[in-house]
Amino acid sequence: MNVLIGATTAFLIVLISMVIFALMARIQVKEDYEERYKILEAFIKGQGLGDIISERHLSEIERKAKDIWVFTHDMTNDIGVQEAKEQENVIFETVKKNLADGKVYTYFLPNTQKIHGSIVDFSDKHDYEKEQVSFCLIPPDEFHFVSEIAVYDAENEAPTQAVQWFPSNKMNYYIRMDEAHRNHIVGIGKMLLQKFGRKYNV
């Protein structure tokens, strides 16, 4: 009996020691993780990388918006063209879902024959109500956007955001604009709408 009690006691002592050691190790791992996270967070903020977002993150922003403005040369992302791209077209799927949910899109486009073809492709690939999608067609010599820009909630009370696309064969990145640049783009958009108007049937 004494041997059994001794063995049981020893086992309990070993078990308790193992549990205490595991808890201490877990606490240490957590502290190490938090310390490394702080270092990484400080690096991201210090290098200004916090405003670089991926397509996945952008799709989340776009899903939450009520109205979306897109300044684009060719509507590539929105009609699902996969030219020289090795990743799925996340934006195309987001646009499709947003239109199904009743979100409103305004496209600012150079008035070219190619764009008219892209608009036809867009209409063929997406289902939407007549006044849900509009097109502001701009003479090519007045269309001065280097790469695609998207503006979210420019025409309602929700906080407005704006991003600019920097395409790559491997990954599409977007830069979130600060308040001054965002307001500048919104101002340009309003001016273009006033000058060239909205068209629903192109």
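1. Two strands count as paired if DSSP finds at least two bridges between them. Before going on, keep in mind that this is a predicted model: local features need pLDDT of at least 70, side-chain atom pairs count only at pLDDT 80 or more, and totals for chains, interfaces and linings use all residues. Residues are numbered from 1 along each chain as its sequence is written, and side-chain values use heavy atoms, with hydrogens and water left out.

2. Now the overview. The protein chain has 6 helices and 7 strands, and from the N terminus on they come in the order α-β-α-β-α-α-β-α-β-β-β-β-α. Of its 202 residues, 34% count as buried; buried means under 20% relative accessible area, exposed means over 50%, and partly exposed is in between (1.4 Å probe, protein chains only).

3. What order do the 7 strands take in the open sheet? Reading across, you get β1-β7-β6-β5-β2-β3-β4, with mixed pairing. β1 (52-54) and β4 (133-138) are the edge strands, each pairing on one side only. On average, neighbouring strands are turned by 25° against each other, direction ignored. For angles like this, axes are lines fitted to C-alpha atoms (for helices, over the stretch in contact), and angles run from 0 to 180 degrees between N-to-C directions.

4. β1 and β7 run antiparallel and are joined by 3 bridges; here Ser-54 has Tyr-173 in β7 as its bridge partner. Next, β6 and β7 (residues 173-176) are antiparallel over 4 bridges, and Trp-165 stands opposite Tyr-174 in β7. β5 (residues 149-152) and β6 (residues 161-166) are antiparallel too, with 4 bridges, and Ile-149 is partnered by Gln-164 in β6. Then β2 (residues 67-71) pairs with β5 in the antiparallel sense over 4 bridges, with Phe-71 opposite Ile-149 in β5.

5. α6 (residues 179-196) lies across β2, β3, β4, β5 and β6, running at about 85° to β2. What about α4 (residues 90-100)? Its buried residues include Val-90, Ile-91, Phe-92 and Leu-99. Just after α4, Gly-102 takes a positive phi of about 90°.

6. Take a look at Leu-137, which sits in strand β4. Is Leu-137 buried or exposed? Leu-137 is buried, because its relative accessible area is 6%.

7. On the surface, Ile-52, Phe-166, Tyr-173 and Ile-175 form a nonpolar patch with about 350 Å² of accessible area together. Patches take residues with over 30% relative accessible area and no salt bridge; like charges are joined within 9 Å, and nonpolar side chains (Val, Leu, Ile, Met, Phe, Trp, Tyr) within 5 Å. Accessible areas come from the Shrake-Rupley method with a 1.4 Å probe, and for residues only the protein chains shown count as cover. Ile-52 belongs to strand β1 and is partly exposed, because its relative accessibility is 39%.

8. How many salt bridges does the structure hold? There are 3, where a salt bridge is a side-chain nitrogen of Lys or Arg within 4 Å of a carboxyl oxygen of Asp or Glu. In one of them, Asp-101 meets Lys-97, with the closest N and O atoms 2.8 Å apart. Both ends are partly exposed: Asp-101 at 47% relative accessibility and Lys-97 at 42%.

9. Another salt bridge joins Lys-195 and Glu-142 (2.9 Å, N to O). This one links distant parts of the chain, with Lys-195 in helix α6 and Glu-142 in the loop between β4 and β5, 53 residues apart. Lys-195 is exposed, with a relative accessible area of 55%, whereas Glu-142 is partly exposed at 31%.

10. Finally, Arg-198 and Glu-155 form a salt bridge (2.7 Å, N to O). Arg-198 lies in the segment after α6 and Glu-155 in the loop between β5 and β6, so this pair also links distant parts of the chain, 43 residues apart.

Technical notes. Helix = DSSP H or I, 4+ residues; strand = E, 2+ residues; numbered from the N terminus. Contact = heavy atoms within 4.5 Å.
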